[in-house]
Each structure stands twice: as structure tokens, then as C-alpha cells.
Amino acid sequence: MASPQGLKAPLEFGGPLGAAALMLLLPATTLHLLLAARSGPARLLGPPARLPGLSELWSPAVLLLLLTWLGLQAALYLLPARKVAEGLELKDKSHLRYPINGFQALMLTALLVGLGVSGGLPLGALSEMLLPLAFVAILTTFIFSFLLYMKAQVAPTSGLAPGGNSGNLIYDFFMGRELNPRIGSFDFKYFCELRPGLIGWVLINLALLIQEAELRGSPSLAMWLVNGFQLLYVGDALWYEEAVLTTMDITHDGFGFMLAFGDLVWVPFTYSLQAQFLLYHPQPLGLPGALLICLINAVGYYIFRGANSQKNTFRKNPSDPSVAGLETIPTATGKRLLVSGWWGMVRHPNYLGDLIMALAWSLPCGVSHLLPYFYFLYFAALLVHREARDELQCLQKYGRAWHEYCQRVPYRIVPYIY
Ligand SMILES: NC(=O)C1=CN([C@@H]2O[C@H](COP(=O)(O)OP(=O)(O)OC[C@H]3O[C@@H](n4cnc5c(N)ncnc54)[C@H](OP(=O)(O)O)[C@@H]3O)[C@@H](O)[C@H]2O)C=CC1
Ligand SMILES: CC(C)CCC[C@@H](C)[C@H]1CC=C2C3=C(CC[C@@]21C)[C@@]1(C)CC[C@H](O)C[C@@H]1CC3
């Protein structure tokens, strides 16, 4: 297949070979982490204690459960929204419209689950189904990505992403060809980025907490902390849902296997790893330790939210009193870059806050195992890679102004270190 004109972009992730390797490695890692969390030694590295048979992985009933979940979230997405936001300008100068009702979807899901649990729904049993659920989610993601790839064949060239149209089938399948695949007003990428995976993640956490209460009489303090911190993070993402419209995932990346897998498999099944670990490996945690961990999470959240809100307010209305006094660098595009406040401390202060929170999510699991620190380690690698991708795009957008910003704010994520 010839690549459409004007869409040539340097290959990322090691090209087709790297993409093929990741498509094997990422599902295998997900299953490995789930198995390791349940095993006695809970080893992050090394072979799993045992390999599951196909009968433990495949279940039509679990597939039905997953499809019901996706259907429920799609129905909530289609409900009237408090606001409809416009995305950034597209190549053809048009703007797409997006419903802002993610937080409403979270609340309605909580209401439905609450009603279900009080009516006898055995939510704790979900914790026993995570392995087959992840397996069917992986299969579903492969099929979904194939359908997205086929849909892109009939999309107009202006609707294709800059990165996923190399002409190599494997690479383009992985990166995603179409930028904003939609049927009518239903936007698949926007829907997947924030709803089924993120809300699924907190639901899995809750199931693990309920299961722990059933097993041991009450949930442990460590389990409460992990549930509380991650619920705050997911609630925040959905409350500030509109901010996702300016992320590179929405504005730049195509929707293919990488994002579909990240949203539908990676987030719910690996981001809940700490709670999974705690169910099978209870950890003692005293009040002073818990308070210290809460403080670490609060500091991380303060930086994360402060930095994100400062940039979002500035981009929406630079004369807003909360940002009007900040120092800025003008760029040739007419946009300005903040060079004081949070964005004068490091070039990605929101990543710093996010990483501090990631550490706080692992600490309740103690220091006896590396496994619960997987999220922190993976996330540090993801943010370093993401920061390099973002800076390249900023350099292309802002040229000399970006160079000046880098000179004035030399550290990327951690002051005086990186
Ligand atoms: N938990 C997870 O798995 C993940 C979480 N995240 C989180 O999601 C959030 C969004 O992150 P991400 O999408 O990577 O990008 P950011 O929110 O960091 O946005 C980057 C963009 O901000 C603008 N910008 C950069 N520097 C400045 C400045 N000095 N002044 C003004 N604008 C500036 C540029 O866009 P422009 O100039 O065009 O406005 C740049 O492209 C973050 O909080 C991150 O931590 C991200 C990935 C994964
Ligand atoms: C499959 C690979 C390992 C890479 C997968 C990456 C995805 C898991 C992430 C890419 C960008 C993401 C964002 C978020 C979740 C993780 C993914 C989907 C947030 C929604 C998390 C909450 C924040 O407040 C906003 C984030 C936007 C980007």
C-alpha cells in the first residue's frame, strides 16, 4: 500500500519490527503481571510460577461481561452532556465537537454499581475473573484495531494521522491510521481514552477491596489508600475531561492498536496492580506511615493539578487574573510559552506531580516486593519517552522560542536532576 502524500513521518517505536514486538510483549506482560500478583513469590522478573490453561483464559460469559461493560459506557457517553466542547483545528480547518459528560458517566456507573451491590451483586467475584477478562479484552482489542484499520481505508486523506501511514501494514496497524475515527458523532478514540478503561480501573480496585473485606473481615488500610488515591486520579481526569482534547493522543496520534490496547487493557489491568498485589499479599501499615504516604500523594496531586490548571487557564484566557502576571515567551504562532510559575520550574511539572503520585500508590504495598513498583517504573519510562515526543513537536511548532524556553528552563521533569 502506498503511503498517502504528505504523511511521511519518521518511524517511532523501532519501526515495524518494534511494533510487532510490542504487540506480543504488551499482552504477554499484562498476563504475566496478573499471574505474578496472584502467585506466592510475586516476582516481577523471571518466569511466572505456573502457566494458565486455555480453559482459565477463555470464557464466553466473561466476553459477554466485557461487551456489556463497553455497551453500558457507550450508552452513558451518548446521554445529554452538560457541555459540548470543540477540539483543536483540524487539517481541513474544521473543529470536531465532543460531549463533556465523563464525570457524569462515573457518577451514574457508581450509582448503578451501588444499586447492584445493595441488591446482592457479588462485585468481589470480579477479582477472580481478572485473568479471563484481560484475555478477552486483549482479543477484543486486536479485532477492534483491525476494524479501525479497515475503516481508515475509506477515510479521507485529511482525516489520517501523520504517524500511522507509513505504508507498512504492521506499523500502521500498531500506530493507528485514522486520527479521529467516528461513526456519526461517536468518537472512538475520545470514548476509549477516558471511559471504559479508567472507570473500569476503579471498579476493579473496588472489587478487590470488597473481596479483601470478605476474606479478612475488613479492607486493610493499605487497600483503602490505594483505592482512595486512584479514585481521586480517575475522578480528576474525568472532571477535567476537556483537557484531554489538547493531548497528543487526541491531536496527533492515530487510533490503532497502541492506544486501543493502552486504553482498554493496559490501564484497567496493570494500573490496578497494587490493589491486586494487596489482596494476595496483605501488608501491615501503621497510621504514621499512612499519613506520610497521604502527604506524598497530596504533594504530587498539588503539583500535578496546579501545573495542569495553570497551563489550561493560560491557553484558554491568558488575561485571567490567576495567570496574567506570569512571565511568557512569545512565539511566531501567536501563542506564548509560560516561563514562570509551575512551567518555569521544569518543562513538564505535571509529569513530576504525576510521578510523585505514582510513588505514593506503590508505597502502601511495602518494600518487600518489586512488583507493586511496576507502575512507577513503567510510568517513569513512558513519561521520559512522551516528553521527548512532545518536545520534538514543540520544537517543530515554536522553533527558536522553544530553544529559548529550554535555555531558560533547563530541567525537563525533576529540578536539578533531569
Ligand atoms: N497516567 C498515565 O498513564 C498518563 C498520564 N498523563 C498525564 O496527562 C496529562 C497530560 O499530559 P500530556 O498530554 O503529555 O501533555 P501536557 O499536558 O504536558 O501538554 C504538553 C503541551 O503543553 C504545551 N506547553 C508545553 N510547555 C508549555 C509552556 N511552558 N507554556 C505553555 N504551554 C506549554 C504544549 O502544547 P501547546 O503549546 O500546543 O498548547 C505542549 O505540547 C499530564 O498531567 C500527564 O502527567 C499522560 C500520559 C499517561
Ligand atoms: C500500550 C503502551 C504501554 C502505552 C499506553 C499508553 C496509555 C496507557 C496512555 C497514553 C496516554 C494516556 C493518558 C491517560 C491514561 C493513560 C494513557 C491512555 C490519562 C487519561 C490519565 C489521567 C490524566 O489525567 C490524563 C491522561 C491523558 C493521557
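**Contact of α4 with α9**

I looked up where α4 meets α9 in this predicted model, and found G102, F103 and L106 of α4 in contact (heavy atoms within 4.5 Å) with G235, L238 and W239 of α9. By class, this contact has 4 nonpolar, 2 polar and no charged residues, where Ala, Val, Leu, Ile, Met, Phe, Trp, Tyr, Cys and Pro count as nonpolar, Asp, Glu, Lys and Arg as charged, and the others, Gly among them, as polar. I noted that the axes of α4 and α9 (residues 221–239) come within 7 Å and cross at roughly 135°; α4 and α9 are therefore oblique to each other. Angles under 35 degrees count as roughly parallel, over 145 as roughly antiparallel, 65 to 115 as roughly perpendicular and the rest as oblique. Axes are lines fitted to C-alpha atoms, for helices over the stretch in contact, with angles from 0 to 180 degrees between N-to-C directions. Helices are DSSP runs of H or I with at least four residues, and strands are runs of E with at least two, numbered from the N terminus.

**Contact of α5 with α11**

I then turned to α5 (residues 130–153) and α11, whose axes come within 9 Å and cross at roughly 170°, which makes α5 roughly antiparallel to α11. On the α5 side I listed L130, L133, A134, A137, I138, T141, F142, F144 and S145, which meet F257, A260, F261, L264, V265 and F269 of α11. This contact has 13 nonpolar, 2 polar and no charged residues.

**Second largest pocket**

I recorded a volume of about 560 Å³ for the second largest pocket, and 24 lining residues, of which L65, W69, L123, L126 and L203 lie nearest its centre. The elements giving two or more residues to the lining are α3 (60–78), α4 (102–118), α8 (196–216) and α11 (257–270), with α3 giving the most, 6 residues. The lining divides into 20 nonpolar, 4 polar and no charged residues. A pocket here is an open set of points on a 1 Å grid over the protein atoms alone, where a 1.4 Å probe fits, with protein on both sides within 12 Å along at least five of seven lines; lining residues have an atom within 4 Å of a point. Grid points are joined across faces, edges and corners, and the volume is the space filled by probe spheres set on them.

**Annotated spans**

I checked the unreviewed UniProt entry, whose "transmembrane region" annotation covers several spans, including residues 100–123 and 255–273; such annotations may be inferred rather than shown by experiment. Residues 100–123 are 71% helix and 0% strand, with end C-alpha atoms 28 Å apart, whereas residues 255–273 are 79% helix and 0% strand, with end C-alpha atoms 26 Å apart.

**Conventions**

Residues are numbered from 1 along each chain as its sequence is written, while chains are lettered from A and ligands numbered from 1 in the order in which they are written. Local features need pLDDT of at least 70 and side-chain atom pairs count only at pLDDT 80 or more, while totals for chains, interfaces and linings use all residues, and side-chain values use heavy atoms, leaving out hydrogens and water.
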